[in-house]
Amino acid sequence: MAHWAFRRLAGMLSREGFHVLRFDWSGTGDSWGETNDGTIETWLDDVALAAQELRDASAASSISIVGMRLGAALAALACTQGVAAERLVLWEPVVSGSRYIAELEALHARDSLRLLHPVPAHCAELVGFPFSPALRASVGQIDLCAKPPRSAGRVLIVAGAERPDHRALYAALQSLGLIVSYECVPEDPSATNLGQRESALLTTRSLVAIADHLAEKGTS
Amino acid sequence: MIERAIAFGPDARLVGILAEPDPARAIASAPAVLMWNVGIQHRVGPYRVQVDIARDLARRGFVSFRFDLSGMGDSEVRQDNRTDGERALADARDAMVLLEKRRGVSTFLPLGFCSSVDAVHRLAMEDQRVVGACFIEGYAYHTTGFWLRYPLRLLNRERWRRYVEHQTQKMLSLRARDIAVDPLREERAVMGSVFARQYPTQRQFGADVRNLASRGTRMLFVYVGGDTEFNHRGQLAEMLESRSPLDGVELEYYASADHTFFRVADRLRLVARVGEWAAHTFRGSALAASVPSSYSIGT
């Protein structure tokens, strides 16, 4: 459903005059690679490559980046490694990798309840996808509060419900001197509600909030 | 293998991904494989399985095209007053026109999964260019054999294990309300509200499949055994009311897989089975299996 949400957001931004590039991470969606090939390093390279591609294709002088969940964490980490973004939108960001893995494990356990034959314990899988020990280790090390995205001009955190980790990230980035805003856009249900996450991505309030934020200043 | 994103159809409003084999491996007379949205998911399919199938088929020499039906994924809505079913057929025919022009193919093999079998079934019945069809978790009907085996559920140890787990979760949910108490009930409620499908009658289904078989259309039916309407290998023959096997009809039954092929190992088996079936049916002998060796295969 993230595909549909980003397609709608891209359409909204395009109608506002933005050049928009959507892409799938290596090893996901339509992008090349096997599902179990993904690594944090590869995906950070993907962000840099996408940013360069957008600059080349649009001749835009500056770009903004919108990422959701783990994608938001990757966008923020890319901005710690020199990818420059006029604005960085962190949509329901994964703040702590270890907490994210715990959430995925809870979701996996819930999904497994409907199976007659569960995933064997020795299989490195989470919520229907391969999840290698190496990927688990690198995702587990993510801590956005500890690594400020210094090459982002402004940061917006958007969430559908109040969460302590989003508030903590907001406070941490503020204390480090970044220009950061936090917008809680109540959705019913929230995108972080494990039981009904798909429905949330079909609603529009977060999309409107993100589009409005980016439209304040015209970047690609 | 090369993959390209292509806009096609009226005013180029539809979007798909064309997977082409290396020229040296391409099977000249093979049908092109068509896949489209399963439920409301975009063209990649459940757990990206349609991407894996397309790439496996390309390695075996087949052209395939995964696309979004109008109004779904990246495709725009059609500006007409047709029904969803009619639009799906129109979209599939636009994809066939594209592949005829671009690749020179004249025959097709649509692959349906769950709800997407609706359009595969109709397309196969209405279009003579369809020489093969794959139905994954498609139409199923409760036969006498199904009901005779139904009580055996009570002897299934895995069902009792799951029942105990559900009851445990129910109790725990008093403390953790964000975890679904009864995922099956919840899933059925969502499915019921989102998907309203009209099955052909069993008699019509049987007649259609027999017609297709007599026309020479090759078919692969894949069913699973976990919580579905299909519970034994003989059920397809009962559904078809056919005492002897139909020429060109193959069945694969995965007793331990679930409807969405949640487990990676089940998907790997499915991808390999579809690829091997396509290869031996339309080439004569299967090319080397191309399942990624780095996947961890469970039991």
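Let's start with the nonpolar core. The largest one has 119 residues. The residues with the most contacts inside this core include Ala75(A), Leu88(A), Leu90(A), Ile157(A) and Ile210(A) from chain A. From chain B, Leu34(B) and Ala95(B) belong to that group. Helix α9 of chain B, residues 264-282, gives the most to this core, with 8 residues. As background, nonpolar side chains in soluble globular proteins tend to be buried together. And please keep in mind that this is a predicted model.

Take Ile210(A). What does Ile210(A) touch, once residues up to four places away in sequence are not counted? Five names: Leu9(A), Val66(A), Val89(A), Trp91(A) and Val158(A). Keep Leu9(A) in mind, as a contact of Ile210(A). Leu9(A) sits in α1(A), and Ile210(A) sits in α8(A).

Now that helix pair. Two packed helices are described by the angle between their axes and the distance between the axes. Here are both for chain A. Helix α1 covers residues 2-15 and helix α8 covers residues 205-215. Their axes come within 10 Å and cross at roughly 35 degrees. The crossing is right-handed. On the α1(A) side, the contact uses Ala5(A), Arg8(A), Leu9(A), Met12(A) and Leu13(A). On the α8(A) side, we have Leu207(A), Ile210(A), Ala211(A) and Leu214(A). By class, that contact has 8 nonpolar residues, no polar ones and 1 charged.

α8(A) lies across β1, β2, β5 and β6 of chain A. Against β2(A), the helix runs at about 165 degrees.

So, the sheet itself. Four strands of chain A form an open sheet, in the order β1-β2-β5-β6, and the pairing is parallel. Why is one side of β1 (64-68) and of β6 (180-184) left without a neighbour in the sheet? Because these two strands of chain A stand at the edges, each with a single partner strand. On average, neighbouring strands are turned by 15 degrees against each other, direction ignored.

On to chain B. The secondary structure comes to 9 helices and 8 strands. Of its 299 residues, 40% are buried.

The strands of chain B next. 8 strands form an open sheet, in the order β1-β2-β4-β3-β5-β6-β7-β8, with mixed pairing. The edge strands are β1 (2-8) and β8 (249-254), and each pairs on one side only. The twist from one strand to the next averages 15 degrees.

Parallel case: β6(B), residues 132-136, is joined to β7(B), residues 218-224, by 5 bridges. There, Ala133(B) stands opposite Met219(B). Antiparallel case: β1(B) is joined to β2(B), residues 14-20, by 7 bridges. In that pair, Glu3(B) stands opposite Ala19(B). β1(B) and β2(B) make a hairpin, with 5 residues between the strands. Look at Gly9(B) in that hairpin: its phi is positive, near 80 degrees.

Last stop, back to α9(B). Leu270(B) is found in this helix. One distance for reference: Leu270(B) and Val130(B) are 140 residues apart in sequence, and 22 Å apart from C-alpha to C-alpha.

Val49(B) leads us to α1(B), residues 49-59. The axes of α1(B) and α9(B) come within 9 Å and cross at roughly 35 degrees. This crossing is right-handed. From α1(B), the contact takes Val49(B), Asp52(B), Ile53(B), Asp56(B) and Leu57(B). From α9(B), it takes Arg267(B), Leu270(B), Val271(B), Val274(B), Gly275(B) and Ala278(B). The classes are 7 nonpolar, 1 polar and 3 charged.

Definitions and conventions:
Residues numbered from 1 in each chain as written. Chains lettered and ligands numbered in written order. Predicted model: local features only at pLDDT ≥ 70, side-chain atom pairs only at ≥ 80, totals over all residues. Axes fitted to C-alpha atoms, helices over the stretch in contact; angles between N-to-C directions. Left-handed = near helix turned anticlockwise from the far one by under 90°. Contact = placed C-beta atoms within 7 Å. Nonpolar A, V, L, I, M, F, W, Y, C, P; charged D, E, K, R; others polar. Buried ≥ 20, exposed ≤ 12 C-beta atoms within 10 Å, placed from the backbone. Pairing = 2+ DSSP bridges. Core = buried A, V, L, I, M, F, W, Y, C linked by C-beta atoms within 7 Å.
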